[in-house]
Amino acid sequence: MSQTEQHPVLAAIHRRRSVRSYLPQTVDRATLERILDAAVQAPTAMHGEPWAFAVVQDRDLLQRLSERAKALFLDHAAEAGTPAAPGSEIHAMMSDPGFNIFYDVGTLVVICRSTASPYADADCWLAAENLMLAAVAEGLGTCCIGLALGALELDESRRELGIPDAGAAVAAIIVGVPREVPPSSPRKPPQILCWKE
Ligand SMILES: Cc1cc2nc3c(=O)[nH]c(=O)nc-3n(C[C@H](O)[C@H](O)[C@H](O)COP(=O)(O)O)c2cc1C
């Protein structure tokens with residue numbers, strides 16, 4: 001067994017993958033509470049803890065959010081010249097009425113900043129990584145859904161999720177029981193700009 005596999009934190013870091021295929025069961029509340037507790041252990045600038053969480057397990061609401069995100073995406077994609085222009089693979093996917101941007105999973109966690117402090121987004125993303133690693137430890141899969149963020153800015157979505165006026169959605173992460181975990185996607189070695197000794 002390699003050193004990485006032996007060390008639980010390193011093992012979780014290396015085992016985490018973006019999961020896009022889930023079993024139908026919904027993650028229970030106690031498990032979600034444990035991974036949210038791990039999320040808020042993240043470092044936070046000036047101990048601001050500027051995060052708040054919207055947990056969506058209502059399938060109708062998940063479907064509505066997905067539809068809104070797809071409609072917004074297609075509106076913007078109409079402005080030609082983007083990689084998402086008509087004819088692209090992502091455009092075809094987002095035009096497919098059967099495609100749900102949350103991969104039909106039963107839980108979405110939206111990490112919102114509750115203030116506009118300069119480091120609030122950084123804090124929320126650090127919480128996001130903690131959440132995803134804790135999910136690995138619980139045998140769950142996750143995937144960041146950047147495609148959702150535009151729809152989460154809409155007044156209707158903000159109202160439905162209880163996002164305060166001073167806040168905003170920063171990270172949208174789906175959580176579920178993986179049907180299959182994709183193979184590891186290799187990374188380039190770290191580019192070292194300098195190493196001054
Ligand atoms: C900010 C951000 C937004 C992402 N948005 C999406 C998304 O909308 N849909 C999706 O399927 N994957 C999304 N991903 C997942 C990436 O595609 C994935 O992390 C990348 O391909 C590397 O694969 P891995 O996470 O399995 O290592 C997003 C990842 C990040 C960090």
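Thr142 is found in strand β3 (residues 141-144), where helices (H or I, at least four residues) and strands (E, at least two) are DSSP runs, numbered from the N terminus. The structure is a predicted model, in which local features need pLDDT of at least 70 and side-chain atom pairs count only at pLDDT 80 or more, while totals for chains, interfaces and linings use all residues. Residues are numbered from 1 along each chain as its sequence is written, and side-chain values use heavy atoms, with hydrogens and water left out.

Thr142 has a relative accessibility of 3% and counts as buried (under 20% relative accessible area, with exposed over 50% and partly exposed in between; 1.4 Å probe, protein chains only). Apart from neighbours within four places in sequence, Thr142 is in contact with Arg17, Ser18, Val19, Tyr22, Met132, Ala135, Ile173, Ile174 and Val175, contact meaning heavy atoms within 4.5 Å.

The largest nonpolar core holds 29 residues; such a core is a set of buried Ala, Val, Leu, Ile, Met, Phe, Trp, Tyr and Cys residues joined through side-chain atoms within 4.5 Å. Ile101, Phe102, Leu108, Val110, Leu152, Leu161 and Ile174 touch the most other members. Two or more residues each are given by β1 (51-56), α4 (59-77), β2 (107-113), α7 (149-152) and β4 (168-176), and α4 supplies the largest share, 6 residues. A second, separate core of 22 residues includes Ala127, Leu131, Ala134 and Val175.

Helix α3 (residues 29-39) and helix α6 (residues 120-137) have axes that come within 7 Å and cross at roughly 140 degrees. Axes are lines fitted to C-alpha atoms, for helices over the stretch in contact, and angles run from 0 to 180 degrees between N-to-C directions. The pair α3 and α6 is therefore oblique (angles under 35 degrees count as roughly parallel, over 145 as roughly antiparallel, 65 to 115 as roughly perpendicular and the rest as oblique). On the α3 side, Ile35, Leu36, Ala38 and Ala39 meet Ala127, Asn130, Leu131, Ala134 and Ala135 of α6. This contact has 8 nonpolar, 1 polar and no charged residues (Ala, Val, Leu, Ile, Met, Phe, Trp, Tyr, Cys and Pro count as nonpolar, Asp, Glu, Lys and Arg as charged, and the others, Gly among them, as polar).

Helix α6 also contains Cys124, which is buried at a relative accessible area of 0%. Beyond residues up to four places away in sequence, Cys124 touches Pro50, Trp51, Ile111, Cys112, Arg113 and Val170.
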